[in-house]
Amino acid sequence: MEIIPNLRHDINKPLYIQIYEYFKEEILNRKITAGTRLPSHRKLAEHLQVSRNTIELAYQQLLTEGYAESKPKKGLYAADVSYDVMKRKQESFCITAKQKIPAISYDFSQGHVDASVFPLTIWKRITTDCLYTNEERWFTAEDPQGEPELRSELCQYLYHSRGVVCSPDQIVFGAGTQYLLWLLIQLIGTDDEYAMENPGFHRVRAMLQSSSLSVSYIDLDEQGIHVASLQKTNAKTVYITPSHQFPYGMIMPLARRLELLQWANERNGYIIEDDYDGEFRYVGKPIPALQGLDTNERVIYFGTFSKAFLPSVRMSYMILPPALLKIYKERGTIYKQTVSKLHQLTMYHFMKDGHWHRHLSRIRTLYKKKQKALIAAIERYMGNHTEIIGSQSGLHIVLDVKNGMAEEQLIHTAAQYKVKVYPVSLYYADSSPFLSRILIGFGGLTEQEIEEAILLLNKAWFASEE
């Protein structure tokens with residue numbers, strides 16, 4: 001570790017305080033990350049040419065205030081003294097050392113999936129087979145839209161599972177929703193106004209804002225995006241999550257979908273349908289994608305393998321209506337394919353040989369059990385003190401906590417009990433209303449861990465009522 005504090009001998013501040021303040025700022029600003037071992041007393045004293053007593057005093061101050069922790073026979077390590085409450089502008093909220101957060105034992109991240117059921121052995125075998133049976137393809141240029149056989153296989157799957165009607169030629173693969181959205185903006189253009197749900201997916205909002213677009217943020221009602229409010233804007237393209245609104249989880253009914261399609265037809269505009277976790281529905285029959293209802297080629301369908309499969313593969317796709325496909329063919333193919341050809345071919349064989357279907361069947365059953373366990377635990381331990389929002393599908397719920405605490409206080413109090421929960425305010429484009437709501441994802445925890453974590457949250461939020 002390179003330690004280069006600007007030690008000044010010409011000011012009335014002890015050297016050990018200067019060294020302490022340097023480490024404190026580095027740790028708070030995450031330039032020295034939690035768990036990083038700090039230099040030994042001797043080495044740091046030699047490096048800075050100060051006495052070991054000076055280093056001892058500086059380190060002792062860090063220990064006392066919680067910026068560092070000592071591990072017997074191992075040394076001194078930077079402590080985790082910051083907790084990311086993911087505020088709207090994506091700024092980290094750093095707490096003081098007196099509010100030191102214990103190590104997290106239960107993480108309710110909506111982005112985590114269950115790795116225990118992933119068919120790693122099968123995936124590795126197919127990957128190896130692809131390396132040997134497609135040797136000549138590793139030396140040829142990739143298809144900018146994605147490998148043709150995978151697009152063909154995906155086309156069949158989407159028709160049978162989500163009611164999506166398309167040809168393989170309409171599919172474009174890319175490394176994540178943000179990249180595909182950027183590419184789509186190059187095709188649609190930046191002159192017209194865009195719109196999206198409010199609250200809505202913050203990474204999409206960031207992409208729209210970074211593209212210097214004019215964006216309207218449309219409020220929700222119990223059926224999803226409010227079309228009457230959308231009609232009052234000049235938007236011609238709208239981003240929505242109709243099958244499982246993010247973050248509140250409502251499922252857009254048929255009447256609202258038809259109303260939205262009518263809006264797109266009247267505006268000669270487009271609907272970006274992000275079906276990010278359409279595979280997971282726990283109540284009622286699966287609702288077909290909005291794209292399948294579209295008879296006027298107004299819907300751009302987005303999908304991903306990140307929720308149902310491997311997030312790290314970064315394999316997403318969009319389906320372009322013919323008019324946009326023509327524009328893509330004219331000027332979009334200049335952009336290189338961003339998903340590994342090896343991963344694409346492996347996924348093709350994985351789907352073709354039936355492993356994808358079997359994998360989905362297993363994880364649907366697993367996540368349904370986890371969601372049931374989560375709701376049962378909340379009802380058992382918190383009863384009427386909370387309201388569960390968006391429990392029909394997906395890998396997360398929103399929990400409205402009725403104890404008088406604001407969102408930030410709920411997050412910090414939960415962290416004191418080693419449980420990490422997430423804010424909803426992040427997903428609002430402007431100043432959000434007073435929120436006592438928390439986003440809870442359950443994909444990465446076992447049923448036992450869910451039970452234990454909810455019990456701890458009950459103690460954190462309602463201990464005074466016991």
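Biologist: In the hairpin of strand 12 and strand 13, which residue takes a positive phi?

Modeller: This is a predicted model. Strand 12 (residues 386-389) and strand 13 (residues 396-401) run antiparallel and are joined by four bridges. Six residues lie between the strands of this hairpin, and the one that takes a positive phi, near 75 degrees, is glycine 390.

Biologist: Which residue in strand 13 stands opposite isoleucine 388?

Modeller: The antiparallel strands 12 and 13 share four bridges. Across from isoleucine 388, the residue in strand 13 is leucine 399.

Biologist: In what order do the four strands form the open sheet?

Modeller: Strand 12 and strand 15 (422-423) are the edge strands, each pairing on one side only. Strand 13 is joined to strand 16 (residues 437-441) by five bridges, and these two run antiparallel; within this pair, valine 398 stands opposite leucine 439. The pairing in the sheet is antiparallel, and the order is 12-13-16-15.

Biologist: Helix 13 packs on the sheet; what angle does its direction make with that of strand 16?

Modeller: Helix 13 (residues 407-416) touches strand 13, strand 15 and strand 16. Relative to the direction of strand 16, that of helix 13 makes an angle of about 45 degrees.

Biologist: Why do the buried residues of helix 2 line one face of the helix?

Modeller: The buried residues in helix 2 (residues 41-48) are Leu44, Ala45 and Leu48. On the other side of helix 2, Lys43 and Glu46 are exposed. The buried residues line one face because, seen down the helix axis, they fall within an arc of 100 degrees.

Biologist: Just after helix 2, which residue takes a positive phi?

Modeller: The phi in question is about 60 degrees. The residue that adopts this value just after helix 2 is glutamine 49.

Biologist: How many disulfides does a search of the whole structure find?

Modeller: The sulfur of cysteine 155 has its closest cysteine sulfur in cysteine 166, at 3.6 Å, and this is too far for a bond, since a disulfide requires sulfur atoms within 2.5 Å. Cysteine 155 counts as buried because its relative accessibility is 9%, and cysteine 166 is buried at 17%. Over the whole structure, the number of disulfides found is zero.

Definitions and conventions:
Residues numbered from 1 in each chain as written. Predicted model: local features only at pLDDT ≥ 70, side-chain atom pairs only at ≥ 80, totals over all residues. Heavy atoms only, no water. Buried < 20%, exposed > 50% of the residue type's maximum accessible area, 1.4 Å probe, protein only. Arc of directions from axis to C-beta. Pairing = 2+ DSSP bridges. Contact = heavy atoms within 4.5 Å. Axes fitted to C-alpha atoms, helices over the stretch in contact; angles between N-to-C directions.
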